[in-house]
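Work through the exercises below with the model open.

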Amino acid sequence: MEAWVRVLLVVACLFPAMVECRVRHYKFNVVMRNTTRLCSSKPIVTVNGRFPGPTLYAREDDNVLVKVVNHVKYNVTIHWHGVRQLRTGWADGPAYITQCPIQPGQSYTYNFTITGQRGTLLYHAHILWLRATIHGGLVILPKRGIPYPFPKPDKEVVVILAEWWKSDTEAVISQAMKAGVAPNVSDAHTINGHPGPLSPCSSQGGGLKLQVDSGKTYLLRIINAALNEELFFKIAGHNLTVVEVDASYTKPFTIDTLLITPGQTTNVLLTADRKAGKYLIAASPFMDTPAVAVDNMTATATVHYSGTLTTSTTTLTKPTPQNATSVANKFINSLLSLNSKKYPAKVPLKIDHNLLFTVGLGVNPCSTCVNGSKVVADINNISFVMPTFALLQAHYFNISGVFTTDFPANPPITFNYSGNPPGTAPANMQTLNGTRLYKLPYNATVELVLQDTGIIAPENHPVHLHGFNFFQVGRGLGNFNPKKDPKKFNLVDPVERNTIGVPSGGWTAIRFTADNPGVWFLHCHLEVHTTWGLKMAFLVENGKGPNESIIPPPSDLPTC
Ligand code: C2O
């Protein structure tokens with residue numbers, strides 16, 4: 001932005017009532033803090049000493065500036081998960097993809113404008129496993145004077161689900177990587193930082209107590225900030241009306257149990273339609289692959305009606321069974337875009353690039369590992385190798401040797417991907433390594449089918465795409481059939497999101513328009529799978545028009 005335009009904007013924003021523009025300044029000090037959970041205490045990396053971090057509030061069209069100052073021994077970056085970052089990839093945050101990390105003692109100001117989005121998102125560290133404790137809510141309110149497309153709630157509450165390890169999470173993952181095996185699962189789930197009143201150590205933690213008045217309506221902005229687990233969420237004795245996911249409005253529907261994958265957000269209306277009482281809120285894991293271990297602890301909190309004694313008994317709810325695929329599907333199949341006149345679903349109808357990406361695990365030889373081999377993860381048989389220089393910088397400044405643009409549009413070998421019947425997966429589970437990108441011209445339309453593989457075991461993969469929202473046009477079990485399945489696609493009002501669950505042993509088809517130039521990460525939002533290599537990036541070229549190019553990098557952009 002030209003200097004004089006910025007000055008003009010700042011001056012104009014001194015009178016926010018007169019103009020719609022706003023500049024919001026935040027400061028994030030990344031600091032260590034000692035904290036107690038689950039009968040043990042340990043130092044954690046935090047934003048401003050808080051866990052979860054402070055909620056960041058903005059309005060659609062706001063210019064947000066967040067100065068991040070790194071006071072810890074780790075390299076740090078912050079990602080604004082789901083913010084489109086139109087032409088501002090420099091502010092996106094994934095380490096070595098769009099920026100070099102902020103080194104100890106350094107700072108960097110993320111500068112971005114929120115365009116065409118409103119709802120709940122999250123921010124989190126995007127390097128190592130630091131997002132275990134560096135995360136928080138990002139609430140985008142509609143433009144001033146624009147109402148929600150649903151009844152106005154009496155109150156809004158941010159609800160953040162996460163995972164907690166008793167030991168240091170950086171040690172957990174680095175030991176697992178050395179040994180070539182899966183890292184330990186977490187020791188508990190948390191709601192707003194606490195395992196909740198049913199935890200044996202609840203006296204230390206307290207927990208979320210949602211104080212409600214009978215007859216009133218509450219908007220819960222629920223965020224799954226967990227590292228490795230998809231979570232069910234429910235409230236005893238109450239139904240929830242879903243109105244938005246990933247900062248996109250949905251057709252409202254009422255249900256008793258939500259499924260939220262890491263990286264996803266869900267806004268629900270909770271009507272306090274009981275007279276009095278205390279009701280348990282429960283968050284528990286979903287995993288329909290028996291071979292994969294999960295943390296089976298249920299995090300709890302309470303809805304507390306005013307006038308109810310603290311000593312009165314709480315109405316409990318059974319945790320949803322870990323393998324309740326039907327409960328998960330009921331929720332997923334209910335999701336549709338609002339697709340109103342004001343908020344139309346702009347599904348690409350003519351497709352320029354048809355892509356099929358297999359996502360799953362593999363095994364590579366490793367002489368120093370405990371079994372002589374290590375678990376890896378890949379897309380189209382390529383386990384992504386993190387560069388030591390940021391891809392976006394390499395692209396912008398034309399620095400060669402950092403990446404190649406030969407990421408395959410299809411799996412290199414065709415096989416029975418979903419691995420059913422068992423044993424029909426290819427005998428060779430080894431993957432290739434590479435820092436390969438897939439190049440897209442500006443404004444190209446893309447259909448991407450994400451196909452789970454049964455190599456090792458079929459598993460759910462919540463896949464997140466940076467820089468875009470996409471529409472989920474189809475979903476099914478087994479292998480995607482390019483002749484039959486597209487006939488059943490929903491091209492009218494499919495749900496719009498930024499993170500999508502690929503079903504265990506199945507596929508998900510998404511569509512998006514590559515209207516954002518830059519380098520955009522695509523990865524599984526189960527952090528363990530990202531670490532193992534289940535990631536790649538799209539390179540979207542500049543367009544020819546005036547507002548179709550990446551803006552120049554800010555002067556304080558960190559160097560590697
Ligand atoms: Cu929320 Cu690349 O992640």
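## Cysteines and threonines

Cysteine 100 is buried, at a relative accessible area of 0% (buried means under 20% relative accessible area, exposed over 50%, partly exposed in between, with a 1.4 Å probe and protein chains only). This is a predicted model: local features need pLDDT of at least 70, side-chain atom pairs count only at pLDDT 80 or more, and totals for chains, interfaces and linings use all residues. Residues are numbered from 1 along each chain as its sequence is written, and side-chain values use heavy atoms, with hydrogens and water left out.

**Exercise 1. Find the disulfide partner of cysteine 100 and characterise the link.**

Step 1. Apply the cut-off: a disulfide is a pair of cysteine sulfur atoms within 2.5 Å. Cysteine 560 pairs with cysteine 100, S to S 2.0 Å.

Step 2. Cysteine 100 sits in the loop between S5 and S6, and cysteine 560 in the segment after strand S33 (535-540). The pair links distant parts of the chain, 460 residues apart. Strands (E, at least two residues) and helices (H or I, at least four) are DSSP runs, numbered from the N terminus.

Step 3. Take the torsion. About the S-S bond it is about -100°, so this disulfide is left-handed.

Step 4. Cysteine 560 is partly exposed, with a relative accessible area of 45%.

**Exercise 2. Count the disulfides and describe the link of cysteine 366.**

Step 1. The count is two disulfides.

Step 2. Cysteine 366 bonds to cysteine 369, with the sulfur atoms 2.0 Å apart.

Step 3. The angle about this S-S bond is 75°, and the link of cysteine 366 and cysteine 369 is right-handed.

Step 4. Cysteine 366 is buried at 12%. Cysteine 369 is buried at 8%.

**Exercise 3. Which backbone nitrogen does the side chain of threonine 98 lie close to in a polar contact?**

Step 1. Locate threonine 98: the loop between strand S5 (78-81) and strand S6 (107-113). Its relative accessibility is 0%, so threonine 98 counts as buried.

Step 2. Search N and O pairs within 3.5 Å; within protein, one must be able to donate a hydrogen and the other to accept it, and residues adjacent in sequence count only if both atoms are side-chain atoms. The backbone nitrogen of glycine 93 is 3.2 Å from a polar side-chain atom of threonine 98.
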